[in-house]
Amino acid sequence: MARSKALITSLLLFLLVLHLVQADDELVNGNQAAAATPKKIDCGAACKARCRLSRRPNLCKRACGTCCARCNCVPPGTYGNQEACACYANLTTHGGRKKCP
């Protein structure tokens, strides 16, 4: 009984060490670091394109810039297409209206 407990404990310890070594290799190779930090988009250019047909372009760009900074994405086109960026589509004002243009 004592041998089987020692064997199981040794096996679990070996698997834990193996897992830690593999995780360390991923960090050294950059695989884990690249996945953890998504590439930042140029919010200014994306919002300028999004708001180019707006009747109030300055207001549109300001709201779009806030949404872009929080979500790191802007839907394509000048209107709609918000399903392409769920975070952007779900932001609302204090009054419950959609915040992002």
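This is a predicted model: local features need pLDDT of at least 70, side-chain atom pairs count only at pLDDT 80 or more; totals for chains, interfaces and linings use all residues.
The side chain of glutamine 82 reaches the backbone oxygen of cysteine 100, at 3.3 Å. Find glutamine 82 in the loop between α4 and α5. Is glutamine 82 buried or exposed? Its relative accessibility is 15%, and buried means under 20%, so glutamine 82 counts as buried. Now look at what surrounds it. Leaving out residues up to four places away in sequence, glutamine 82 touches Arg50, Pro75, Tyr88, Ala89, Lys98, Cys100 and Pro101.

A disulfide joins cysteine 73 to cysteine 85, with the sulfurs 1.7 Å apart. Both cysteine 73 and cysteine 85 sit in the loop between α4 and α5, 12 residues apart. Helix α5 itself covers residues 86-90. Cysteine 73 is buried, and cysteine 85 is buried too.

What is such a link? A disulfide is a covalent bond between the sulfur atoms of two cysteines. How many disulfides does the structure hold? There are 6.

Move to the helices. Cysteine 43 is joined to cysteine 68 by a disulfide, S to S 2.0 Å. Cysteine 43 lies in helix α3, residues 43-50, and cysteine 68 lies in helix α4, residues 57-71. The pair therefore ties together parts that are 25 residues apart in sequence. The torsion about this S-S bond is about -80°, so the disulfide of cysteine 43 and cysteine 68 is left-handed. Cysteine 43 has 19% relative accessibility and counts as buried, because the cut-off is under 20%. Cysteine 68 is buried as well, with a relative accessible area of 1%.

Another disulfide joins cysteine 47 to cysteine 64, S to S 2.2 Å. Cysteine 47 is in helix α3 and cysteine 64 is in helix α4, so this pair ties together parts 17 residues apart in sequence. The link of cysteine 47 and cysteine 64 is left-handed, with -80° about the S-S bond. Both ends are buried: cysteine 47 has a relative accessible area of 3%, and cysteine 64 has 0% relative accessibility.

Finally, step back to the whole chain. Number the bonded cysteines in sequence order. Which cysteine pairs with which? The pairing runs 1-7, 2-5, 3-4, 6-12, 8-11, 9-10. Trace these pairs in the structure above, then return to glutamine 82 and its contact with the backbone oxygen of cysteine 100.

Methods
Residues are numbered from 1 along each chain as its sequence is written. Side-chain values use heavy atoms; hydrogens and water are left out. A disulfide is a pair of cysteine sulfur atoms within 2.5 Å. Helices (H or I, at least four residues) and strands (E, at least two) are DSSP runs, numbered from the N terminus. Buried means under 20% relative accessible area, exposed over 50%, partly exposed in between (1.4 Å probe, protein chains only). A polar contact is a pair of N or O atoms within 3.5 Å; within protein, one must be able to donate a hydrogen and the other to accept it, and residues adjacent in sequence count only if both atoms are side-chain atoms. Contact means heavy atoms within 4.5 Å.
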